[in-house]
Amino acid sequence: MAISRFPRGKEKPRSLIVPLLFAISAAALALLWVAFYSAVPASLFFSIASPRAADEEGPTGLERKYLYWGNRIDCPGKHCNSCAGLGHQESSLRCALEEALFLHRVFVMPSRMCINPIHNKKGILYQPRNASADEMWAASSCAMDSLYDLSLISSKVTVILDNSKMWSRIVSAGVKLGSKGVAHVEGVSRVDLKENSQYFNVLLINRTASPLSWFMECKERTNHSSVLLPHSFLPMMAARRLRDAADKIKNILGDYDAIHVRRGDIIKTRKDRFGVERSLHPHLDRDTRPEFIQRRIAKWIPPGRTLYIASNERSPGFFSPLSSSYRLAYSSNFSDILDPLVDNNYQLFMLERLIWAGARTFVKTYKENENDLSLTDDPKKNTKNWQIPVYTIDGEES
């Protein structure tokens with residue numbers, strides 16, 4: 001732009017009209033700029049003004065909000081010194097993930113999952129004498145990312161682990177921010193957490209869930225419209241190496257069917273005060289024996305089919321009678337694939353669920369949904385009614 005010069009000597013000064021118009025125009029432009037700037041969010045303005053700032057500094061994590069339920073599933077509570085099976089813990093974990101999804105927050109996932117020794121026959125549960133509580137916990141647990149693909153989970157609900165550098169950064173920032181950094185809550189509904197101004201702007205919500213189990217926070221799941229994540233969500237989120245192994249086994253099996261036969265601890269009985277044996281699942285022991293399995297599945301799976309059997313029954317050859325009608329397959333047939341990979345029965349169970357999903361026909365132990373095929377008609381959840389076991393086809397007690 002040309003630079004104006006003061007008049008020299010006796011030259012007459014130029015008219016003030018042009019400079020005055022220029023000043024008015026400049027002022028108007030300035031006012032428009034201020035109005036525009038005030039209407040645009042600051043974050044957007046700075047991203048326009050310095051587009052490489054975020055790349056240069058890297059993500060801090062402070063641009064998101066977080067939800068933390070604890071460093072162990074179902075803890076604090078009655079399960080801190082023990083733990084339930086994988087299915088129980090997945091119900092609790094899914095409940096926490098649902099809340100994070102509902103609140104649009106990142107879920108801080110425990111970095112390890114406790115393994116119940118009842119559901120495990122591998123050797124990782126060795127605990128040295130005089131071990132500390134932390135050492136005992138490490139010996140009776142496995143890394144969460146050895147079970148689940150966290151990137152796959154994050155495609156639906158963003159998660160970070162509680163042993164990550166990002167989590168340390170968030171905790172440090174939360175302490176510095178004071179009341180705006182961390183909110184400690186207990187007995188507060190997810191709706192209040194979302195709508196109450198006391199919570200929704202806080203960086204980190206530290207929830208103390210039900211001491212009975214985390215999944216008690218999702219009791220409204222009986223209302224199916226409130227369910228944000230289906231029961232099948234976590235089973236399909238298995239770690240990549242488990243998915244790859246399952247694919248190899250499915251390719252070897254070809255066209256196959258599968259059954260899940262749960263026995264073990266679930267068929268236990270106890271004596272009443274008269275010394276009579278009773279069970280919460282009076283027909284289960286009978287219905288999961290080979291002769292009754294064959295009678296039950298014949299209408300769904302024709303003879304000659306390849307049948308993959310997943311079970312916690314440990315008696316060798318227990319299912320052999322079924323070989324008269326089916327080509328039987330077990331996880332033990334694929335030891336060359338599984339032995340280098342599987343360290344505990346939770347990993348094996350997750351892998352077998354993927355195999356079930358690839359079967360032409362899959363028969364569960366219990367009927368959980370209306371369209372399920374099942375080996376027994378006993379309800380899965382029965383915690384009060386202890387009955388005399390039935391072992392014969394005509395229902396006579398034995």
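The largest nonpolar core has 62 residues, of which Leu97, Phe107, Met109, Tyr148, Ile153, Tyr308 and Leu351 touch the most other members. Such a core is a set of buried Ala, Val, Leu, Ile, Met, Phe, Trp, Tyr and Cys residues joined through side-chain atoms within 4.5 Å, where buried means under 20% relative accessible area with a 1.4 Å probe, protein chains only. Because domain 1 (66-237) and domain 2 (240-376) both contribute residues, this core lies between them; the bounds come from an automatic or database domain assignment. A second, separate core of 13 residues includes Leu307, Ile309, Phe318 and Val363.

This is a predicted model, in which local features need pLDDT of at least 70 and side-chain atom pairs count only at pLDDT 80 or more, while totals for chains, interfaces and linings use all residues. Residues are numbered from 1 along each chain as its sequence is written, and side-chain values use heavy atoms, leaving out hydrogens and water.

Two disulfides are counted, each a pair of cysteine sulfur atoms within 2.5 Å. One joins Cys83 to Cys114, with an S to S distance of 2.1 Å; at -65° about the S-S bond, this link is left-handed. Both Cys83 and Cys114 are buried. The other is formed by Cys95 and Cys218, whose sulfur atoms are also 2.1 Å apart. Its torsion about the S-S bond is about 95°, so the disulfide of Cys95 and Cys218 is right-handed. Both Cys95 and Cys218 are buried.

Cys142 is likewise buried, with a relative accessible area of 4%. The closest cysteine sulfur to that of Cys142, in Cys114, is 9.1 Å away, too far for a bond.

Note on methods
Buried < 20%, exposed > 50% of the residue type's maximum accessible area, 1.4 Å probe, protein only.
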